[in-house]
Structure formats: structure tokens, C-alpha cells
Amino acid sequence: MRTVQAQSAERFQVTARVTSAPEAAPGSAADEKQKVQLRWTGEDGRQQTGTAPVPLDKTAGSTVRIWVDREGTVQDPPMSASNANASGWLMGGMTAVGVYAGYVVARKGVRLALDHRRYAQWDAEWDRVEPLWSTRFRR
């Protein structure tokens, strides 16, 4: 939620005028939005320019709403509260899966190490016992 608050505080919407029309015609197979040149008046009153994706139906001279920061750089819209909430749940879930996977890997590693040690002890014991035991059954 701090990200939502920070982005909302540093970004604001302005009305920008399209200075170059999108290259693809409406209804074409191109993306639904294309980056075009825009011009707008900043909060300090100076004219600013930049590029942003706009719908294909916008022509040169039409207006669009864009998000900019204090310096006048075009930005994505601020994250919504529901998007931040979903991101938090996703990161929490991924953390839980990561912790569980770490536990499984550690458990498997410890088990393999203990089995290796136990098998080595059994081999050493068999090396001591087998000559005595096998001579009992020879004829």
C-alpha cells in the first residue's frame, strides 16, 4: 500500500495533444495501442513533449489523458489498491512455496547424508563380520 500511496503522490494526469498519428489503421492486425508523440502543458506552465501508447483511433490533434511525474516524464498509471493487494498475496504465496521447497530440499539432503553415513557403517561392519560368518558355511 506504501507503493500505491507513493505512486499516487508523485504521478498525476494531464491532457496531452497527439502530434503524430499512429502508423497502423484502426482495425488492423497491429497492437491495440501504439506509441506516438504527444505535447502537453506541465504544471509549471511550460510545453513538454514525450511519447506514450495511445489507442489506434486517435488522430493527430486529438487529446488523450496521460500520467506524468513531477519532472514531466510520461509514466504508467499508479498501481491500484486491488493490484497492490493481489501482488502482496502473490508474493506471500511465492514465499510460502519457496520456504516449503527449501524445507523439502534440506530434509532430502539431510536424509541422503544420514543414509550415506549409515550405509558406510553397515559396509564397515559387514567387512568385519562377513569373513567370520561365511567360513561357518564352507565345506
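Author: A residue is buried under 20% relative accessible area, exposed over 50% and partly exposed in between (1.4 Å probe, protein chains only). The model is predicted, so local features need pLDDT of at least 70 and side-chain atom pairs count only at pLDDT 80 or more, whereas totals for chains, interfaces and linings use all residues. Residues are numbered from 1 along each chain as its sequence is written, and side-chain values use heavy atoms, with hydrogens and water left out.

Reader: How many aromatic pairs are there by the rule applied?

Author: Rings of Phe, Tyr and Trp (its six-membered ring) pair if their centres lie within 6.5 Å; planes under 30 degrees apart are stacked, over 60 edge-to-face, and the rest tilted. By this rule there are three aromatic pairs.

Reader: Why is the pair of tyrosine 100 and tyrosine 103 called tilted?

Author: The ring centres of tyrosine 100 and tyrosine 103 are 6.4 Å apart and the planes stand at 40°, so the pair is tilted.

Reader: What separates tyrosine 100 and tyrosine 103 along helix 2?

Author: Helices (H or I, at least four residues) and strands (E, at least two) are DSSP runs, numbered from the N terminus. Tyrosine 100 and tyrosine 103 are three residues apart in helix 2 (residues 81-135), which places about one helical turn between them. An α-helix has 3.6 residues a turn, so residues three or four places apart point the same way.

Reader: Why is tyrosine 100 called exposed, and why is tyrosine 103 called partly exposed?

Author: Tyrosine 100 has a relative accessible area of 57%, which is over 50%, and therefore counts as exposed. Tyrosine 103 has 49%, between 20% and 50%, and is therefore partly exposed.

Reader: What makes the pair of tyrosine 119 and tryptophan 122 tilted?

Author: The centres of these two rings lie 5.6 Å apart and their planes are at 55°, so the pair is tilted. Tyrosine 119 and tryptophan 122 are both in helix 2, three residues apart, about one turn of the helix. Tyrosine 119, at 43% relative accessibility, is partly exposed, and tryptophan 122, at 49%, is partly exposed.

Reader: How do you know that arginine 118 lies over the face of tyrosine 119?

Author: The rule asks for NZ of Lys or CZ of Arg within 6 Å of the ring centre and within 35 degrees of the ring normal. Arginine 118 lies over the face of tyrosine 119 at 5.6 Å from the ring centre.

Reader: Why is the contact between aspartate 115 and arginine 118 called a salt bridge?

Author: A salt bridge needs a side-chain nitrogen of Lys or Arg within 4 Å of a carboxyl oxygen of Asp or Glu. The N to O distance here is 2.6 Å, so the side chains of aspartate 115 and arginine 118 qualify. The structure holds one salt bridge. Both residues lie in helix 2, three residues apart, about one turn of the helix.

Reader: What span does helix 2 reach, and where does it bend?

Author: The expected span is 1.5 Å times one less than the number of residues. Helix 2 has 55 residues and reaches 80 Å from its first C-alpha to its last, close to the expected 81 Å. A bend is the angle between axes fitted to the seven residues ending at a residue and the seven starting there. At valine 129 helix 2 bends by about 40°, and proline 131 follows within four residues.

Reader: Why is leucine 38 called buried, and what does it touch?

Author: Leucine 38, in strand 2, has a relative accessible area of 1%, which is under 20%, so it is buried. Contact means heavy atoms within 4.5 Å. Leaving aside neighbours within four places in sequence, leucine 38 is in contact with residues including Val18, Gln48, Val54 and Ile66.

Reader: What makes glutamine 48 buried?

Author: Glutamine 48, in strand 3 (residues 47-55), is buried because its relative accessible area is 14%, under 20%. Among the residues it touches, not counting those up to four places away in sequence, are Leu38, Arg39 and Trp40.
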